[in-house]
Protein chains: 2
Amino acid sequence: MSTKLSVPNPSPHLIKEAERVKQASILLGQSTNEQRCEALTEIANALNDNTDEILKANLIDLERSEKEGLNKSLLSRLQLTQTKLKECIEGVLKVSKLADPIGHRQLHRKLDETLILERVTVPLGVLGVIFESRPDALIQIASLSVRSGNAALLKGGSEARATNQEIMNSLDKGLRKTNLGVGALALLTTRQESLGLLRLDRFVNLIIPRGSNELVQFIQDNTRIPVLGHADGICHLYVDASVDIDKAISIALDSKVQYPAACNAIETLLIHESVAEIFLKKSIPIFSNAGVTLKGDTKSQVLGVKNLATDEDWSTEYLDLILSIKIVRNVDEAIAHIRKYSSRHTDAIATNEKKVAEKFLLSVDSAGVYHNCSTRFADGFRYGFGAEVGISTQTLPPRGPVGLEGLVTYRYFLRGDGDVVKDFASGERSFSHTDLPL
Amino acid sequence: MSTKLSVPNPSPHLIKEAERVKQASILLGQSTNEQRCEALTEIANALNDNTDEILKANLIDLERSEKEGLNKSLLSRLQLTQTKLKECIEGVLKVSKLADPIGHRQLHRKLDETLILERVTVPLGVLGVIFESRPDALIQIASLSVRSGNAALLKGGSEARATNQEIMNSLDKGLRKTNLGVGALALLTTRQESLGLLRLDRFVNLIIPRGSNELVQFIQDNTRIPVLGHADGICHLYVDASVDIDKAISIALDSKVQYPAACNAIETLLIHESVAEIFLKKSIPIFSNAGVTLKGDTKSQVLGVKNLATDEDWSTEYLDLILSIKIVRNVDEAIAHIRKYSSRHTDAIATNEKKVAEKFLLSVDSAGVYHNCSTRFADGFRYGFGAEVGISTQTLPPRGPVGLEGLVTYRYFLRGDGDVVKDFASGERSFSHTDLPL
């Protein structure tokens, strides 16, 4: 009856590590904001002190990976320069300055005279983090974990193993200077362990993948632990009939070319048939100048788009300077297309009609639905969260760009004075349900 | 690479139904509060008008099920009397009076002059509901769906098929009188369909099981769709060293006997060794009078508990007048036991020491952690939610008793005036991130 996963059972060693980290999470869960901030300061100091060792270890990783034929873009992600490391350390201190996500009272209610209910944010417990190549991700995610009172099992790419080990030494040294987090962060080193991690439902409360779409998809398909992330990012812009053509072109261009490899870049442009001719006439040269290859349906080909878009294009995330174009009869066809092909990440409409915009915003079920602006704004920093833990395309919260609040949950605390349900069932007492100040 | 589930692929007919319901959910997602309340009034009227037909159908189900040998407790759950149906209809009207969970602005922020970000609650989309025996569950869950703007695929037990069909006719009739929800509720009739439902990730956003622990466990193990519910409810009460013995006994008794079949009843009592003797001396006769069988570890047997509790007892949900007892050295041992065996539903401490209580509340990672009151308070109505969609024992929100807010998610709306990221990347513009009134 149980879900069969194509990943191995966790090894006894991994289970022991997980138990240890889970145990450490209990202490971390009782820590004060000051203690957690102090831990981050100590971690930043330790990273500063160990800079030489970390950079030396990074050179070892780089040399070995180059010999092993790692491709250029992965090598550049692997590389830690003095400047990059310094930025990371500043990042740790920035995380310590974010608002504390723990201890927020979300509900405060007197159920009856002596019976007070609270709903308060608490850490999730243990995070499972799987990241590829970039050792700076280890520093960033470890600091977000500590900030939010969570312990973590961290698995980096084997190509970065020497660097990650040196970073881990600094994290440990920093934590040891405080009294709260010893053993709260553990580095997993083998691929076998990262697979086993996916089956640690008993110990791990959230998995955060940092890597390729394929990595995220594999993880989502092979674990019952909630995953904070997204695989594809197939985003759309729909250009409506009543529209400022220049603004719409500017939005389309920004959404495609400002950073085409980003998950929030658009892959498909939907254009209302009544403005298709003028929109394409004006925009084809602009896209061409920006190096964008356009692929269109047969209608847009008649209007000058050179390459044909097939059905496959509507579900392809190019992550490149390629844009598919479809001409639609109305906003309903646009909505239907988006609901069919969107990754539910971010989709936008360009229109001057408020009513059409509102219909679009209420009908497109994506984490972000935008009106008259670029999809590239979908980002935790741009939203003002101060940090981005990930972008989630699931339906349930947290979705969209997720800040620190994605690393916490809540617990109901009920405090009484010997109160029993029998007295309420008998009618001797009754619930007043009076909300108290938060 | 994909998760292998031991459930069949959905049939073409089921997929068609799901597509139809998903389509209907778009209209429902744009409805106003008034429209949804009106729909509930119309549903209540239709149920009232069809009372005779529903009760007649229920007799058919009862007769057939009795012949087929359905056990007594299931027969009583299946039975709809005039009074019970009237109460259900009143329940529908009560749901229409709950606060609207849709359209709440949770975040309102000016990113820059023309760029306004909102986070607003929206319906989840389509609920998948699987319930056993009780046809009143169909009425209740359908009204919660409509109230929260969600469409639903509903699968009841085959023993209630005639009743469910008559109820469904009323639901449809009610919805048809409004303009919003035609086709938003669909009744699935075969077991094959309810299994296929578990694989409809593309269409169904949340599964709500209403039935036995086994049903819930099977569903949780066999779907990648989020499940709102809990299988076991292994709850604990820990009686600390510094405690008012009489109050502690009263809490223990209420937590066990007030309704032993409930998920929030305790199964295990942990007692600090320094008060074990006096607590057991006083409470054994009281438990005995209440018909409770006590099973204890060896230490508590020395103090008068007759039956032996084995390791298996610590992870058994009796749902009956049986209570296992363990004597512990201190609060840490109690916390460790609870973290190991608890279903993370509701666990309580009885103590006069505030410091010990706070440690317990911060260390026990259950949805509800209580101080000096009965675990039986863990209930959406007792919390003042006005409705209970389910009780969730997962880590991520929503957890614990879940009201209507468990049936909604949020969406980010970003409205601009041709704003593009390029201008912010170039430094021409910068984010102001000013919070606006909610």
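In the predicted model, strand 11 of chain A, formed by residues 322–328, is mostly covered, with six of its seven residues buried. Strand 11 of chain A pairs with strand 8 of chain A, which spans residues 266–272. The two strands run in the parallel sense and are connected over five bridges. Within this pairing, I325(A) of strand 11 is the bridge partner of L269(A).

Strand 11 of chain A is also joined to strand 9 of chain A, which comprises residues 293–296. Four bridges link these strands, and their arrangement is again parallel. Here L323(A) of strand 11 stands opposite L294(A).

At the level of the whole chain, chain A is divided into two domains, domain 1 covering residues 12–221 and domain 2 covering residues 235–377. The C-alpha centres of these two domains of chain A are separated by 38 Å.

The relation between the chains was examined next. Two copies of a chain are related by a rotation about an axis together with a shift along that axis. Chain B is superposed on chain A by a rotation of 180 degrees, with a shift of 0.0 Å along the axis and an RMSD of 0.0 Å. This is therefore the relation of a two-fold axis. The same surface serves both copies, as 100% of the contact residues of chain B recur in chain A.

Definitions and conventions. Residues numbered from 1 in each chain as written. Chains lettered and ligands numbered in written order. Predicted model: local features only at pLDDT ≥ 70, side-chain atom pairs only at ≥ 80, totals over all residues. Domains from an automatic or database assignment. Buried ≥ 20, exposed ≤ 12 C-beta atoms within 10 Å, placed from the backbone. Pairing = 2+ DSSP bridges. Least-squares fit on C-alpha atoms with pLDDT ≥ 70 in both. Contact = placed C-beta atoms within 7 Å.
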